[in-house]
Amino acid sequence: MMKKAIVIGAGFGGLALAIRLQSAGVATTVVEARDKPGGRAYHWQKDGFTFDAGPTVITDPPCLHELWALSGHDMAADVDLVPVMPFYRLNWPDGTNFDYSNDEAALAAEIAKLNPADVAGYEKFLTYSKGVYEQGYVKLGSVAFLDFAAMIKAAPALMKYQAWRSVYSIVSSYVEDERLRQALSFHTLLVGGNPMTTSSIYALIHTIEKDGGVWFARGGTNALVSGMVRLFERLGGTLRLGDPVTKIETAGDRATGVVTASGWHGAADMVATNGDLMHSYRDLLGHKRGAKVAKSLARKRWSPSLFVVHFGVKGDYPDIAHHSIIFGPRYKGLLDDIYKNGVVPEDFSLYLHHPSATDPGMAPPGHASFYALAPVAHLGKAQADWDGAFGRQFADAILAEVEARVLPGLRDNLVTSLHYTPADFGRDLSAHLGSAFSLEPVLWQSAWFRAHNRDDVIDNLYFVGAGTHPGAGIPGVVGSAKATAALMLESL
């Protein structure tokens, strides 16, 4: 008889894991609480606009192509990936714009505009990035750290690349211009990390982007999710939507299946969860192990949350890049407010997403689709009336900042908008403290110190997603699925 697996949560990690299991002949059911798959990659359609919740930066396409190749399929039949160029347009309050890409000549010219002396420094930084990419991503990115011995084995490489230093610190040792230091360190924010404290290993993101490019799925990130679902169901997998798991059942130290809000009981030989770590252990696991691990998780550092304003406007904006980073007047001070002080700031650094720049179909004819994202402290650090007047005022302030900096006339041309808050992350995704990225990616919460891909006591209970090794972001959670699938298939 075929072995049965249940995966809780249809985020990128859960779907990637389910595809791997189903491709290997394991009868897999994915159980999703919400009415659509995607997890944090949920989407809305409003007034003719398509709004992706995120993530919106797609890198390392081979990690996705591999999911289709497992069963001899071609990803191109289900998903149309389109290159984005430049990768990001960065803007500072002094009016400076900087286009970041892997066009070496164009990038060298951009760097020289800021500081000619930093062109050589950037090349040295890239050499560093390539080294940590080989060690931290190619060799270890999809390998589970189940015991401390595995961490010890990786230690020499971590020492060689000074992993105890922050990304910002390493970048600063190679380039002098403060704007360029920000340009080369902000990437950690896209996976929930503070550039001032996140391990320098995360400088590998630059090599991922340089070698593989930055991409967009035509139709939005939701189209990539839909393509993964089609592949999974084509392979014979089952997806249950709109039915939250309420309990992971156990017998002794074994997981036996799940119970959902509708009363459905699913029996399984193996259970994996792509849900929030705290929610999975504290609220779902019907075993004394759950309370013990939840107590430990409560002491850990959690990534911040996000406030996102989705909006549609009249007009076409070809001069606004697909991805823009709008830096505010402060960098370290703003990061301290978000990560340490628990202050909801009055100034912003924003990520502006403009998908209709690449795919006009994301908006009605003659219109454009955007979202503006501001990192904010999680609910354990900063309390605010996110659902009420303060949330509306915060959304208005973000739109005013975008209008002043890059999109004149925004509010006069505004057609529709909606905003998504830390409180929504908590409600919709059962995210602990409304965290948008799970555990903060600091060195002492990485690899073996991060949540293990298999529980240490219940050895047929598995974990996948941002809270596990290697962390958040599409390549990270798809890599965690590869590591977890290897463990699950090995157990058979």
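Trainee: What should I keep in mind about the model and its numbering?
Mentor: The model is predicted: local features need pLDDT of at least 70, side-chain atom pairs count only at pLDDT 80 or more, and totals for chains, interfaces and linings use all residues. Residues are numbered from 1 along each chain as its sequence is written, and side-chain values use heavy atoms, with hydrogens and water left out.

Trainee: What makes its contact with aspartate 455 a salt bridge?
Mentor: A salt bridge needs a side-chain nitrogen of Lys or Arg within 4 Å of a carboxyl oxygen of Asp or Glu. For arginine 289 and aspartate 455, the N to O value is 2.9 Å. Aspartate 455 is buried too, with a relative accessible area of 3%. Arginine 289 sits in helix H11 (residues 288-297), and aspartate 455 in the loop between helix H15 (422-429) and strand S20 (461-463), 166 residues apart. Helices (H or I, at least four residues) and strands (E, at least two) are DSSP runs, numbered from the N terminus.

Trainee: How do you class arginine 218 and aspartate 80?
Mentor: Arginine 218 has 39% relative accessibility, so arginine 218 counts as partly exposed. Aspartate 80 has a relative accessible area of 39%, so aspartate 80 is partly exposed as well. The two form a salt bridge, with the closest N and O atoms 2.8 Å apart. The pair links distant parts of the chain, 138 residues apart.

Trainee: How many salt bridges does the structure hold?
Mentor: The structure holds 24. Arg20, Glu66 and Lys482 are linked in a network of them.

Trainee: Why is strand S18 called largely enclosed?
Mentor: Nine of the 10 residues of S18 (residues 367-376) are buried, so the rest of the structure largely encloses this strand.

Trainee: How do you know which strands pair with S18?
Mentor: Two strands pair if DSSP finds at least two bridges between them. S15 (residues 305-314) and S18 have 10 bridges, in the antiparallel sense. S17 (residues 350-353) and S18 have three, also antiparallel. Alanine 372 in S18 is the bridge partner of valine 309 and stands opposite leucine 352.

Trainee: What makes a set of residues a nonpolar core?
Mentor: The members are buried Ala, Val, Leu, Ile, Met, Phe, Trp, Tyr and Cys residues joined through side-chain atoms within 4.5 Å. The largest has 108 residues, and Leu64 is among those that touch the most other members. Helix H16 (residues 474-491) gives the most to this core, with eight residues. A second, separate core of 24 residues includes Phe307 and Ala372.

Note on methods
Buried < 20%, exposed > 50% of the residue type's maximum accessible area, 1.4 Å probe, protein only.
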